[in-house]
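Here's a quick briefing to read alongside the model. Have the sequence and structure open as you go.

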Amino acid sequence: MLEVQVSGSLRTAVSGAASIKVEAATIRELMNYLIAHYPAMQSRIDEGVAVSINGNIFRDNWSETIPEDAEVFLMPRLAGG
Amino acid sequence: MSGVHVSTTVNGDAVEFVCPPGETLLDVLRNRLGLIGAKEGCGTGDCGACSVTVDDQLVCSCLVLGAEVEGRAVGTVEGLSTNGELHPLQQQFIDNAALQCGICTPGFLVAAKALLDHNPSPSEEEIRYALAGNLCRCTGYDKIVRAVGSAAKDLAKEAKKSSKKKAK
Amino acid sequence: MYHHRAFEVQLDEGSSLRYEAPTTTKEAAKLLAKEKGAAYLLAGGTDLLVRMKGDFIEPDLVVDIKRIASTQTIQKTATGFTVGASVPCVQVGRDKALGKAWPGVVEAAKLIGSDQVQGRCTMAGNMCNASPAADSVPALVAARAKAVVVGPNGKRSVPVEKMATGPGATTLKKGELVEAIKLPKQDSKSGDAYLRFTPRTEMDIAVCSAAVNLTLGAGGVVKKARIALGAVAPTVVIVPAAAKAIVGSKLDDTALEKLAKACEAACNPIDDKRGTAEFRTEVAGVLARRAAKIAYQRAGGK
Amino acid sequence: MAEAFDTSYTDQEFKVIGSRERRPDGLDKVTGRARYGADATAPGQLVGLILRSPHAHAKIKKIDTSKAEKLPGVKAVLTSADLPDLTNGNRGNFDILENCMARDRALYDGHAVAAVAAIDMETAKQALKLIKVTYKKLPHVTDVDEAMKDGAPIVHPHIKAADDQSKSTNLVNASTFGHGDTEAGFEQADFIVEESFKTEQTHQGYIEPHACLATVGADGQGELWVTTQGHFTFRSVCADLLGMDIAKLKVTSSEIGGGFGGKTHVWIEPVALALSRKTNLPVKMTMTRDEVFRATGPTASTSMDIKIGATKDGRITAATAHIRYQDGAFPGIWGMLGAMTAFACYDLENVQAVGYDVLVNRPKVAAYRAPSAPMAAFGVESCMDLMAEKVGMTPVDFRLKNAAKEGTKASYGPTYGPIGIGATLEAVKNHPHMRARLGKNQGRGMACGFWFNFGGQTCVDLNISTDGTVNLTVGTVDVGGARASMGMIAAEELGIPYEDIKVTVGDTNSLGHNDTTEGSRGTFSSGMATIFAARNAVEELRARAAQTWDIPLEDVGWEDGQAMPLGVKHNNLHPLSLKEIAKASPRTGGPIAGHNEVVADGAGVSFASHICDVEVDPETGSTKILRYTVVQDAGKAINPDYVEGQMQGAAAQGIGWALNEEYIYGADGRLENPGFLDYRIPVCSDLPMIDTQILEIPNPNHPYGIRGVGETSIVPPLAAIASAVSNAVGVRMTHTPMSPPRILKAVNEAKT
């Protein structure tokens, strides 16, 4: 089981939890798991989310694999100037 | 109503055009003569992107009516380089990375040339005040001021050379 | 598919605007007098074109006075200087004799806008635009300058302080135009100075300003003074009390303090996007004090 | 596929990278040939203009366009009725649609309510005057704190309070980041600093107004020439809003006259396309400066409360921030970004930052260079100085003691890899600027800044001509000299001269999707894709050499732009140059190309520290910047000239923000200074030279170690200047801009 930290406004979509346990080996599996277990995540994922794996932020590459003991953060997608 | 018929010169070439009495020189240059070097950044004389010269006097072409230039001599950035050779200001702007987005660059070049025509060796402060009518949002002006300073030196060297030639 | 050159030469059928460039003031006055619609004078155009661009005004007639010979020159006369109404401020700034006699007036003229604007803007236009923040006006008023007004019934002379009646409004009657501004001969042992406050070093409108013109008597004592403030009231403010405060003094700190207080008392400014009334009042006093010192030095005071 | 390449940093020797090559767009830009948004024209083009609301908030009861439609020369009049809602539930897209053209209500002064297309400018202007809009004025709110109060006018009734679905609210979001126990942390503190701050709204202030030329044919296929930071994003957004097929809308990005985030959003483009679709004629739209200020871009104004606790020896025990961002009339993520960045420079055990997004009757807030970070840093860095004073340390030493480092758990969650904050602080500490003497009424300040870098979808094409010159087509808009950097990277990889490479920003028909140039991603992402595309081409070049020599591929190496036969058994063979291989290519298998699509993830983070000296006139409150120094980590500076340019330009924007730039709204809710005369961006004579020092702490997730450099240096200036001014006048400034009236008022209040 992965421990996924949920950041900021996304927590409302996982009934307020700061972190959740997830069964996933890639970002894609993580997303599928979230949609399956937290329907409210669907729209948030459509709006855009980013995943930080051991400090590296991934916005789009859902094929990225997630190591077993990785530090994983789920955060809203960022915008910049 | 009828348009105003205007005969003038632009960068030394005789030009004739007809424009509405209320049309600015900037719109005439861009929309009637196809000279797009002068840019409209504000239309109120506050940014200098439309800088040109009229009878060697630096002006904002957005604050001049096309009708006013009858019989005058208009100079634009397109007239800065002569037969394919860049003006030292143009070369130094490239060499000093004095431009980023470049929208303000034509205005700066025209204004800087007007400065150097009157003051061949300006101090940094003189350059900064002379160019205060030209807004740049990309560079922080640092490299622009350096480029103008270097161009002044280049022009001085050229002047020396040509005066030596004359002496011989 | 994108062409470098725009080829369409469509004319604005809608607009009824006409452009005239007469060569005498008489003609100009006639054009203005007989115009039924909205007629505007064009000298430098640095205010007029901005107002046209913003659709604040829709002129039916624009009369360009730059082709009128009598408006084009700066003349040194026995009684002082005559600055033509279409003389751009850049030319005022380069006139050595004028700069020597009236350095305050000249530096005020040079402060209007950027080099680009300097190439176009005129002192007469600055005066007739009647903005409370006009840079050249306080200096002209302190210098006791007069405007030469030409109209259908001939010429008249108007003290500069009598020209504006409020923001954007002047005493010019229909058919009248300003041909030139006359500056008197500066007295000996005299000096003038103008200072304005702007948030930026350039490209700004005066938040408030002060002009001082003074004459020294024996021993560097101020004999005569005239002080005018800008942007602190609907029109330029002459402050006799401030003059009184320094006349008879060698501009010691108490005199200067009195002058500053008198100026603050004379202010009647507004809060707006350019500054608060409070700020304008306080800084007007500061500028008057600083301008007085400069004028004093120029007059030969130590 | 991207996976085929290893993106991790290798400490390779460079021949081209790091030199100061000239930008390829320079010549066009100094001769006036460069073509920007407003520099394109098409045969028979119409002029499009937009009618904008004069009210801050009003119900649109009726729009009568009949008179305008009858005016000779008017070809189309458009209202929201011509832009039906095709967003099927995508609220973000609907907000964009409503911002482009008001529907039942005008939400801010300058909100578009109708548009016309006519044969020329004069006719179009007249037509606007003939459109009669019947408004019913509604109460408005423009201040962020006012908007949060009970009973404040509501901008969007459909947005309900998180805790009470029956109650409408302007508070659209509260984002919390942090870790540890701040309450406990504050209890361990010997000193507490608690202060509130305000920042006014500023605009990106690009000199080029938004402009575009739209053409839609009767077949529904379209073209859009536009000044944008992201033509692929503009394409998909416009296609979505207008119900067009993405592939049938060709978007070409013109030269861009400055964007700074403001050109990552669509404004007039969908309207221009809709007008063109109505007329099947080209429609050109160019915003006036007044429109740019009233209806595009600005960044958020903010109001915030910062609290920091520290021990006597200068260790921070806890820190909290509550920052309220004014998003304008539509929800954004600005509060979230502020909360994420506020404390990112520091290594904190107990930290909590909350960012609030608040709606008001002002234009929709857009990204502006490191969006949200400068305001947060203004508050936090000012408090860092206040605390340094309390604990008796210099501002630099106090920051160094608490600086984040590799392995620090960032205040926004993740654990940092190698980062540059400590190095920039050391550089500042040792900089001669810090030892220069100060005179009367002068003060010095320093501050730090953090910003993310993004990666994202990227795609480049590299084609080798038969003479050995190379076309490199990239899809990220060049906003700061990227074409030079991309050419240098391709030259480095292929081993040929920079001059032999022609770099083009391709239109949307010529490449796969590229994300917008935002988040300092251009050089990082396209740089990565260019490296891989070039290496991809080198593979092919080696294969052609192998074929020519008739030896196995693994016996062919690549060095200095030549295929080298490897091993003694081939020492009879002479190296083949890229030029030779290219010349022979028609007979060795045809054109030689390299290609790469990548999701350039794993972008680093970026830090900067600034030093500023000012002199304040105590009688007028006027501030002069005497000296300014920028130290920033660039990861790897591909072209130092353009990296310095980014650092200097960002600092200058920060200086304007700190001293004079602000949106001024009247009681009527209308913007009072929509022009460059009264919206005061710094002019040349306002600034000194801006010294720069580039540090290079490689990003481990990029082959060259590149980090984004574009944005970070706009973050420290507000705080650096605030501290400098405060040190000069002896009063802590807590409200930007620190305009002369604000400074004089503070000084006078301190006297009494």
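Helices α10 and α11 of chain D make a right-handed crossing (left-handed would mean that the near helix is turned anticlockwise from the far one by less than a right angle, and right-handed means clockwise). Keep in mind that this is a predicted model, where local features need pLDDT of at least 70 and side-chain atom pairs count only at pLDDT 80 or more, while totals for chains, interfaces and linings use all residues. Residues are numbered from 1 along each chain as its sequence is written, and chains are lettered from A and ligands numbered from 1 in the order in which they are written. Helices (H or I, at least four residues) and strands (E, at least two) are DSSP runs, numbered from the N terminus.

**The helix pair in chain D**

- α10 covers residues 334-341 and α11 covers residues 373-391 of chain D; their axes come within 8 Å and cross at roughly 45° (axes are lines fitted to C-alpha atoms, for helices over the stretch in contact, with angles from 0 to 180 degrees between N-to-C directions).
- α10(D) and α11(D) are therefore oblique to each other (under 35 degrees is roughly parallel, over 145 roughly antiparallel, 65 to 115 roughly perpendicular, and the rest oblique).
- D:L337, D:G338 and D:T341 of α10(D) meet D:A373, D:M375 and D:A376 of α11(D) (residues are in contact if their C-beta atoms, placed from the backbone, lie within 7 Å).
- That contact has four nonpolar, two polar and no charged residues (Ala, Val, Leu, Ile, Met, Phe, Trp, Tyr, Cys and Pro count as nonpolar, Asp, Glu, Lys and Arg as charged, and the others, Gly among them, as polar).

**The sheet in chain D**

- Four strands of chain D form an open sheet in the order β21-β20-β19-β25, with mixed pairing (two strands pair if DSSP finds at least two bridges between them).
- At the edges sit β21 (501-505) and β25 (592-599) of chain D, each pairing on one side only.
- From one strand to the next, the twist averages 15°.
- β19 (residues 457-464) and β20 (residues 470-474) of chain D run antiparallel, joined over four bridges; D:D461 has D:T473 in β20(D) as its bridge partner.
- Helix α15 (residues 522-549) of chain D packs on this sheet and touches β19, β20 and β25 of chain D, with its direction at about 145° to that of β25(D).

**Domains of chain D**

- Chain D is assigned domain 1 (2-34 + 455-599), domain 2 (37-138 + 204-295) and domain 3 (302-453 + 604-751); the bounds come from an automatic or database domain assignment.
- The centres of domain 2 and domain 3 of chain D, taken over C-alpha atoms, are 36 Å apart.
- Their contact takes 20 residues from domain 2 and 22 residues from domain 3 of chain D.
- On the domain 2 side, α9(D) gives the most, with five residues.

**Who touches whom**

- Chains B and D share the most contacts of the four pairs of chains in contact, with 41 residues from chain B and 42 residues from chain D.
- The chain B side of that contact has 22 nonpolar, eleven polar and eight charged residues.
- Chain A brings 23 residues into contact with 35 residues of chain D.
- Chains A and B share no contact, and their closest C-alpha atoms are 14 Å apart.
- Chains A and C don't touch either, with their nearest C-alpha atoms 27 Å apart.

Notes:
Two residues are in contact if their C-beta atoms, placed from the backbone, lie within 7 Å.
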